[in-house]
Amino acid sequence: MADCLRAPDSGPAAFRALKDAPLATLLAAANALRERGHGARISYSRKVFLPITHLCRDTCRYCTFARPPRRGQQIYMTEAEVLDVARKGAAMGCREALFTLGDNPEARWKESREALDQLGFASTMDYVAHLAKRVIEETGLLPHLNPGLMDEARMAELRAVSPSIGLMLESISPRLMERGGPHYGCPDKEPIARLKTIEAAGRTRTPFTTGLLIGIGETRDERIEALEALYDLHTEYGHIQEIIIQPFRAKPGTRMHDAPEPSEEELLWTLAAARIIMGSGANIQTPPNLSPDGLQHLIEAGVNDLGGISPLTPDFVNPEAPWPHLGALATHLAEHGYELAERLTIYPEYAAAPDRWLHPAIAPRIRIATDGAGWPREDDWITGRSREAPDWAKLAEQAQPRRRSVATALARAQTDTRPSEADVAILFDARGGDYRDVCAVADEQRRKQNGDVVSYVVTRNINYTNVCTYACGFCAFSKGRVAPELRSAPYEVEYSEIARRAAEAWNRGGTEVCLQGGIHPSYDGQTYLDILAAAKSGAPNIHVHAFSPLEIMHGASARGISVRAYLQELKAAGLGSVPGTAAEILDDEARALLCPDKLTADEWINVMRDAHSVGLKSTSTIMFGHVDTYTQWARHLLRLRDLAEETGGFTEFVPLPFVADEAPMHRKGKSRRGPTFREAVLMHAVARLVLGRFIPNIQTSWVKMGPEGAVHCLKAGANDIGGTLMNETITRSAGARHGQERPPLEMEALIASAGRTPRLRTTLYGDAPNERRETAIHAPELLPIQQTPAARRKRQAARAET
């Protein structure tokens with residue numbers, strides 16, 4: 001019935017049929033839709049409630065929030081009072097500041113106008129906008145504003161200081177404004193005016209909260225008509241982030257103090273109708289403090305959100321109804337198989353698309369506060385900087401609810417069938433008990449495929465120049481037109497220095513040098529051959545792992561030959577394998593934001609296909625946690641899987657969590673702050689499940705994950721811990737703090753701490769000679785590296801030509 005009732009072409013007649021459908025049928029359909037769209041996750045926002053003013057020009061017969069002015073009464077909260085409450089809320093873990101106030105009070109009350117004059121503001125909305133801006137700046141709380149009717153211009157102003165705005169439609173019935181009705185004498189309750197405000201939010205792409213107040217004299221037909229109107233607006237603009245169904249509660253001291261309240265059946269019917277009309281993906285909310293004993297029934301009627309809950313301030317609109325205690329609420333939901341999940345004031349689907357839904361002044365704050373799905377970050381773990389895993393990751397598993405969608409996707413991932421993009425994306429959203437399940441299954445698959453041995457390689461990175469013509473927004477290493485002010489000066493490494501470093505790497509037990517650099521404007525195809533020759537002259541027996549697909553494309557183009565022909569030249573000159581960098585995210589929508597002038601996803605795949613076809617193995621990577629989504633991560637893994645199945649040419653997969661601190665795009669507020677710890681570990685686990693049959697080695701980066709984080713990854717599907725490095729430049733340029741070298745004994749101790757057996761390997765995963773290990777263990781200190789300033793090298797080259 002859910003699909004039938006929700007069919008877009010069924011029209012008003014089908015929605016009208018809801019009125020006479022058996023309640024049990026409606027509830028079953030609504031619950032199925034909720035389960036399809038949200039699973040077992042029940043969300044809420046931890047907030048503070050700020051009653052900016054109780055004055056209102058309306059006189060709703062049921063309201064206790066609005067009050068007339070009294071002699072000596074303070075009309076508006078002061079800025080100091082607002083900030084004091086907001087700071088206390090922030091200290092208690094709140095993320096939202098809910099601004100509630102009466103509608104347009106200055107239009108009725110001279111006291112309001114006088115107070116605004118004293119405060120220096122022309123209107124209540126101007127004052128609210130000022131307060132919202134101050135709250136963000138001083139406390140970091142995200143405002144949600146309920147300031148009343150407004151036009152498109154005012155909506156556009158307020159979205160610059162608030163990620164979301166709200167206005168309850170309440171009812172679409174003009175009858176309620178007639179004499180004796182609950183909205184008599186309330187000009188702001190005119191349904192058409194309220195619908196125009198909701199439409200203005202759509203036109204300005206403002207995530208919007210609205211809903212119905214039920215039990216004030218409206219009929220079921222009128223509720224359906226109101227929901228239809230909201231459905232039509234949302235269909236056109238996509239901006240209604242939640243529908244609140246709030247039951248009327250009779251309050252002493254109001255003109256409706258003795259009016260009957262809606263029955264539980266009426267509330268459940270309306271919730272079910274809202275879910276069926278708005279669909280599986282909609283967010284349907286009802287305040288839990290107004291129905292404290294029927295929470296399970298509310299969820300089964302389609303509710304997936306419980307609204308704002310405050311550990312600090314009361315519900316000033318319903319002061320008689322205390323908020324539920326969050327701990328008790330989470331326990332109660334878990335006992336019934338649900339997961340209580342905190343969200344921001346803006347819902348995840350809107351937070352995950354900040355360029356579309358958020359003002360540029362607000363978007364950076366949302367980006368740094370959220371994960372790849374738009375939910376609040378679970379911890380403060382930062383790629384390349386945090387030395388320890390977050391506390392939650394160290395706790396033994398407790399009874400935690402599981403989501404059916406994750407369990408289903410996980411079961412399918414364990415078969416030989418290629419998983420769907422949707423299933424892989426669901427695995428990246430595993431949390432709580434689901435997260436632990438995914439990691440455990442991946443670790444078991446690792447054990448079956450690789451045993452309990454963890455490999456590492458003694459290698460040296462040689463980054464031969466940081467001069468680059470490309471404008472990659474994530475890169476803090478390159479020195480070019482994107483961010484010349486960052487960190488070290490532009491440099492190049494002389495061929496003699498490349499040879500010296502390669503020789504030193506061999507003499508310190510190394511089996512590999514990894515050569516990569518920026519795309520220098522003067523480099524051509526011969527340059528890369530010369531760099532390769534320099535490394536081989538310094539250490540003839542060392543394996544040269546060099547040149548990203550971007551460098552290879554650049555060299556081939558400059559040489560005027562095909563990529564495949566150029567790869568054959570490089571192989572003949574001693575190239576041993578190709579690093580899988582420059583992949584970033586193999587999705588051109590993401591690449592347009594990350595690296596708009598770089599090679600496309602198809603071009604990266606084609607270079608790797610050519611490399612494998614000429615007998616060059618390669619690694620594969622993903623650089624994630626910036627502007628990307630779980631769907632794009634899934635697409636990336638599946639593209640790698642498809643090519644690996646075709647060529648068998650990938651030796652390993654290396655997740656590279658985004659290091660944000662010095663990245664130009666992050667400094668401009670254009671990216672998230674890197675993946676969360678959960679996401680970083682899951683990338684290894686999901687990769688094992690998706691790629692393991694075709695790419696048997698999953699590497700974790702101790703430079704980016706940190707030693708403790710790397711151990712967690714070794715228990716979630718990874719079987720390799722990368723290289724000793726000797727020199728590491730790129731990650732440290734972006735702000736990472738972990739060391740530049742981790743000698744063999746330290747690597748082996750780290751591996752042993754995970755309960756695994758260390759193995760020294762070669763680049764292509766063979767066993768390295770024991771002589772290499774002994775040499776590395778007794779290696780002398782590294783000599784200082786020599787880097788030639790790019791300008792000086794240019795002058796030297798010019799003199800040589802003369």
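First, the ground rules. The model is predicted, so local features need pLDDT of at least 70 and side-chain atom pairs count only at pLDDT 80 or more, while totals for chains, interfaces and linings use all residues. Residues are numbered from 1 along each chain as its sequence is written, and side-chain values use heavy atoms, with hydrogens and water left out.

I start with the rings. A pair of aromatic rings is described by the distance of the centres and the angle of the planes. Rings of Phe, Tyr and Trp (its six-membered ring) pair if their centres lie within 6.5 Å; planes under 30 degrees apart are stacked, over 60 edge-to-face, and the rest tilted. Across the whole structure, the search gives 17 aromatic pairs. One of them is W604 with F650, stacked at 6.3 Å centre to centre with 15° between the planes. W604 belongs to helix α25 (residues 601–613) and F650 to strand β17 (residues 650–657), so this pair ties together parts 46 residues apart in sequence. Helices (H or I, at least four residues) and strands (E, at least two) are DSSP runs, numbered from the N terminus.

Elsewhere, ring pairs join W381, W392, Y435 and F677 into a cluster.

Next, charges over rings, which here requires NZ of Lys or CZ of Arg within 6 Å of the ring centre and within 35 degrees of the ring normal. R742 lies over the face of W702 at 5.0 Å from the ring centre, and R772 over the face of W506 at 3.9 Å.

Last, back to α25. The axes of helix α22 (residues 549–559) and α25 come within 9 Å and cross at roughly 80°. Axes are lines fitted to C-alpha atoms, for helices over the stretch in contact, and angles run from 0 to 180 degrees between N-to-C directions. That makes α22 roughly perpendicular to α25, a term for angles of 65 to 115 degrees. In contact (heavy atoms within 4.5 Å) are P549, I552 and M553 of α22 with E603, W604, V607 and M608 of α25.

Note on methods
Angles under 35 degrees count as roughly parallel, over 145 as roughly antiparallel, 65 to 115 as roughly perpendicular and the rest as oblique.
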